[in-house]
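Here is a friendly briefing to read alongside the model. Please keep the sequence and the 3D view open as you go.

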Amino acid sequence: MNDIHLVASSSAAGSLRVATLELGLPGEPFCIRDDLSLGPLTDGHERAAFWHALAAGAREPELHGVFGDSDEHGFDPGDAFAPWRHLVRRLGHGALSRILIWTSGSGADHVLLRMACHWLGDAGVQLAQVHVPAREDHHSVSVHPPEALVGFVSSTTPIEAAQVRVLANQYEAIARRPEMRREVDAQGRLEFKDISAHDEFIVECSPPEWTRAARVVGDVMSRCDPRNGLGDLLVISRLRHLIAAGRIEADQVDRSIRSFNIRKAED
């Protein structure tokens, strides 16, 4: 059976590539290189512009957002939906028999499942879901080693046509929402939040004594809700916003977070 293993993150795709090339997992990975917990979902160019603006707000030259400048297929970095269009065209050639959508309990993967049904539901190929459990409370496909991913394939569940339509409709409703942040609660219900939703948490993670900004960013990412991770671009851009707002002090603001210090501003 010629399977495609669909994931959102490059790190998850890397683990699946090892699983397929070295551990005997049939099929090949396909990565959309996106974090669906953030940003607009109705237009690919608008979505790409959102990520590029977030990267500009972070002011870190080595961080280009989830799309980067290019990838293995040469997708247009100005169109966040280019990977989906590529996959739809590929399905039109009739070369695939099944697409396995790898999902954890994260807010991003909640959207991935529904987005896949939206884009691929009419492509004439069987869609199926691979349920990936949490690892030490962290909900992400990428936290598991390739050997574990091979074992999870046994949990694959075909998605019937009627359910594909339901999930596709849910995606369209999600995409119409104005909020830019999406998370799930412990019951798996999707919540919609402003992009500034975790600003107070970032302030709380900033110590009163001078500390390297990069360390604070790492602390925020490691201490956040393990079901709804915070990416580096989001944290860095919000950190710089909080510095500009006077909530956090910095000894330098025009340098990389690797080379300046911050502390929580006094009340």
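Phe81, Trp84 and Trp119 form one aromatic cluster. This is a predicted model, in which local features need pLDDT of at least 70, side-chain atom pairs count only at pLDDT 80 or more, and totals for chains, interfaces and linings use all residues. Residues are numbered from 1 along each chain as its sequence is written, and side-chain values use heavy atoms, with hydrogens and water left out.

**Aromatic cluster**

- Four aromatic pairs turn up in a search of the whole structure (ring centres within 6.5 Å, taking the six-membered ring of Trp; planes under 30 degrees apart are stacked, over 60 edge-to-face, the rest tilted).
- Phe81 and Trp119 have ring centres 5.6 Å apart and planes at 70°, so this pair is edge-to-face.
- Phe81 sits in the loop between H2 and helix H3 (82-92), and Trp119 in helix H4 (residues 107-120), 38 residues apart.
- Both Phe81 and Trp119 are buried (under 20% relative accessible area, with exposed over 50% and partly exposed in between, using a 1.4 Å probe and protein chains only).
- Trp84 and Trp119 have ring centres 6.3 Å apart and planes at 10°, so they are stacked.
- Trp84 has 0% relative accessibility and therefore counts as buried.

**Helices H2 and H9**

- The axes of H2 (residues 44-58) and H9 (residues 232-244) come within 8 Å and cross at roughly 55°.
- In H2, Trp51, Leu54, Ala55, Gly57 and Ala58 meet Leu233, Leu234, Ile236, Ser237 and Arg240 in H9 (contact means heavy atoms within 4.5 Å).

Terms used:
Axes fitted to C-alpha atoms, helices over the stretch in contact; angles between N-to-C directions. Helix = DSSP H or I, 4+ residues; strand = E, 2+ residues; numbered from the N terminus.
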